[in-house]
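Please keep the sequence and the coordinates at hand while reading.

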Amino acid sequence: MVFKRLMQAMGVGGPSVETVLANPNCRPGGQLEGVVHVAGGDHPVDVEYVALGLVTRVEVESGDNDYETTQEFHRQAVTGAFRLDAGQRHDIPFRFPVPWETPLTELYGQHLHGMTMGLRTELEVARAVDKGDLDAVAVHPLPSQQKILEAFLRLGFRFARADVERGHIYGVRQSLPFYQEIEFYPAPQYAGAINQLEVTFVTDPQQIQVVLELDKRGGLFTEGRDAFGRFTIDHAAAERTDWAAQLDGWIRQSLQRRGLFS
């Protein structure tokens, strides 16, 4: 009997948890729906809570020691305490809101290289937390974001990679502790002047902030530097804007001011 109680305290023969998403595809500001299935083990337990958390991989710059970590950035309890008998099944339907600033994982119908996103299920029994279930989530652009990303494609830019970096962008109203950078190889008409272009979206229900960064090539006697641009526009106006012309104009002006483009 003592051995059995010890095994129970270690979680052996305890409950198992599985989350089934109705659809793993979503957009920022939308929601994920599904059911959490909790199955009882070989002895009754008191479950303290079941929670869901949205997690992604984040790059952290810490002096000379850069590293990657998995960070939970939105969390929701889907149930409070309940008794789970041996062999009993407890199903918990849920609707999980996706934050507006959630990084994108899909572009042009393809997965963004470098991106990881998942919905993690957490169950606590007797102060022991089980984080055993992680379901992949695909985050697609909003129509306003899609319009801007398609403009890069029309201009001839090619997607390189994406990452999420911990920190805040100066001068940008931002609620999450990180931001996403989507990196593009330059279009042929700019290839002699820039190495790459990075775009960041910081979005809320009303508007979208677009932060652009040009990594400029250095010449024989000049050092390559970065140029920044920022646009704030409401979603409806963003969908009506000719972004190819807007972005082309900003890039050309930025490079011409520095004598890198004629």
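Does Arg161 count as buried, partly exposed or exposed? In this predicted model, Arg161 has a relative accessibility of 27% and therefore counts as partly exposed, since that class lies between the limits of 20% and 50%. Its salt-bridge partner is Glu59, and the closest N and O atoms of the two are 3.9 Å apart. The pair links distant parts of the chain, with Glu59 in strand β4 and Arg161 in strand β13 (residues 158-166), 102 residues apart. Glu59 has a relative accessible area of 24%, so this residue is partly exposed as well.

The wider setting may now be described. The protein contains 4 helices and 17 strands, and 47% of its 262 residues are buried. Among contacts with a separation of 6 or more, 63% are between residues 24 or more positions apart.

Side chains of opposite charge can pair when their charged atoms come close. The structure holds 11 salt bridges. One of them joins the side chains of Arg83 and Asp46, with an N to O distance of 3.1 Å. Because Arg83 belongs to strand β6 (residues 82-84) and Asp46 to strand β4 (residues 45-60), this pair ties together parts that are 37 residues apart in sequence. Arg83 is partly exposed at 45% relative accessibility, and Asp46 is partly exposed with a relative accessible area of 43%.

A further salt bridge connects Asp204 and Arg173 at 3.2 Å, N to O. Asp204 lies in the loop between β15 (194-203) and β16 (207-216), and Arg173 in the loop between β13 and β14 (178-185), so parts that are 31 residues apart in sequence are tied together. With a relative accessible area of 18%, Asp204 is buried, whereas Arg173 counts as exposed at 53% relative accessibility. Elsewhere, salt bridges with shared partners join Glu72, Arg75, Arg120 and Glu122 into one network.

Asp135 is found in strand β11 (residues 128-136). Beyond its neighbours within four places in sequence, Asp135 is in contact with Thr19, Leu21, Met117, Gly118 and Leu119. Of these, Gly118 is 17 residues from Asp135 in sequence, with a C-alpha to C-alpha distance of 5.2 Å.

Three strands form an open sheet in the order β1-β3-β7, with antiparallel pairing. Strands β1 (16-21) and β7 (89-97) stand at the edges; each has a single partner strand, and therefore one side of each is left without a neighbour in the sheet. Neighbouring strands of this sheet are turned by 25° against each other on average, direction ignored. Strand β3 (residues 31-39) is joined to β7 by 9 bridges, with Val35 opposite Pro93 and Val38 opposite His90. Strands β1 and β3 pair over 6 bridges, also in the antiparallel sense, and Ser16 has Ala39 in β3 as its bridge partner.

Methods
Residues numbered from 1 in each chain as written. Predicted model: local features only at pLDDT ≥ 70, side-chain atom pairs only at ≥ 80, totals over all residues. Heavy atoms only, no water. Helix = DSSP H or I, 4+ residues; strand = E, 2+ residues; numbered from the N terminus. Buried < 20%, exposed > 50% of the residue type's maximum accessible area, 1.4 Å probe, protein only. Contact = heavy atoms within 4.5 Å. Pairing = 2+ DSSP bridges. Axes fitted to C-alpha atoms, helices over the stretch in contact; angles between N-to-C directions. Salt bridge = Lys/Arg side-chain N within 4 Å of Asp/Glu carboxyl O.
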